[in-house]
Amino acid sequence: VVEFKNEIYNAKAITRFLQKLDSVETTKKNKVRIVHVGDSHIQADLFSGKMRSLLQDKFGNAGLGFTFPHNLAGTNGNHYIKYTSTIPFLSQRNTKPNEGKPIGLSGIALYTDNNDFVIELNVRDKSYSFNTIKVVAPIKGNFNLAKTSKNIVIESSKPKVIYHKIKSGEALSIIADKYNCTVSEIKRANNLRSNNIQAGKTLRIPTDEKEPVKITKSEFIPVTIFEDKYSYNYASEKSLDKIYITSNDKTTDFSLNGLLLENNNSGVVYSAIGVNGAKASDYLKYPLFFEQLKAIEADLVVVSLGTNESFDKLETEGFYTQLEEMLLSIRKKNPKVDILLTTPPPSFFQRKYPNTFAASYTKAIVDFAEKNNYAVWDMYKNMGGLYSVNSNAKKGLMSRDKVHYSKQGYELQGELFFAAL
């Protein structure tokens, strides 16, 4: 019996990445950028979040990396950044049929034709304050960035509101004479159907008089941004924990694919991109994803897929074909990047039947990696294999659906992956 080891298979395939990581550790210079792509196991950023914290504790925190306003798209994301917006946005995930929506790096389109909005980005975890920001979007020049805003007070006027408390014995005609208006106008202003009124009640009195009012409006002071092919960027000498993304009112077609946040330190930047329900075929529907992946300037791409394909009961050969096409698409646009695959974790169908498709995919991924020179981390065996789900659930590692894992379970995956790496 060969004892199972927690290790990266075919680690020589990521030699370039490992050498750069070693260099960062020894010289305390430069950055290593990792992007972890997957499905709901990654969108929650618990597994990848644990990897980020462990790597940054050891090699240095160079920034959060990829971030996206998931809450504005009506879905879940991590807790590091808080996003608020002055308007609602439309959204669509890559799991939907391709209808030409601007889905790129995030795997989720966030878009609007309203040219008057402000998205405020606030860093909740100050360890991820940033010096540089990249805004990744399919259309250039449709956003501005602003560090600060100032309040402008505008003098204006509004109709004067007069209220009259009805006294005993008063009639509408008496009240109308007092305020120089008509009975009909009072009835219309108060939605009265008859002339009957009751002492002690209050009437709104219509008037043409105006009263002064001061309106406070925020004006955002844009910063100078640099545009490249895939993003537009801003660098600040001072560390930032807030920035505003504002509309450019010259255009009416806005879409956002994500932001990249880094600081001026050496170390690791660990980006996580996941979409609930996503499969390799979903990423393949949108070539913009592979184009915009260049914006991350990744040294290593980690791909964690297979769970949703298994619930579609996709034959192993079909999964193999789609995974291969996705990896070739990554390499075509990012020829120098190293790639590391993880196998899917164990799960159950209908909370009681072992997911044998995930077992078959695991073997296919390991065989595929060996033949095509990719590195692999076997999460499936590390989490116990085919019959491990009930025991993992008893340990508090699984969610109730026995497909997803608990926070503790995802963090264990991160710890194991880190140890192997």
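View 1. A helix here is a DSSP run of H or I with at least four residues and a strand is a run of E with at least two, both numbered from the N terminus. This is a predicted model, in which local features need pLDDT of at least 70, side-chain atom pairs count only at pLDDT 80 or more, and totals for chains, interfaces and linings use all residues. Residues are numbered from 1 along each chain as its sequence is written, and side-chain values use heavy atoms, with hydrogens and water left out. Look for α9 (residues 316–333) and α10 (residues 356–372): they pack at about 45 degrees, with axes 10 Å apart.

View 2. Sorted by class, that's eight nonpolar, three polar and two charged residues. (Nonpolar covers Ala, Val, Leu, Ile, Met, Phe, Trp, Tyr, Cys and Pro; charged covers Asp, Glu, Lys and Arg; the others, Gly among them, are polar.)

**View 3. The largest cavity has a volume of about 60 Å³.** On a 1 Å grid over the protein atoms alone, a cavity is a set of points where a 1.4 Å probe fits but cannot get out, and lining residues have an atom within 4 Å of a point. Grid points are joined across faces, edges and corners, and volume is the space filled by probe spheres set on the points. The structure holds two cavities of 30 Å³ or more. Around the largest one you'll find Asp39, His41, Phe47, Ser304, Leu305, Thr307, Thr342, Thr343, Pro344, Pro345 and Met379. Its lining has five nonpolar, five polar and one charged residues.

**View 4. The second largest cavity has a volume of about 40 Å³.** Val303, Ser304, Leu305, Phe319, Leu323, Leu341, Thr342 and Ile365 line this one. Two or more of the lining residues come from each of β20 (300–304), α9 and β21 (338–342). The lining divides into six nonpolar, two polar and no charged residues.

How values were computed:
Axes fitted to C-alpha atoms, helices over the stretch in contact; angles between N-to-C directions. 1 Å grid on protein atoms, 1.4 Å probe; cavity = no way out; pocket = protein on both sides within 12 Å on 5 of 7 lines; lining within 4 Å.
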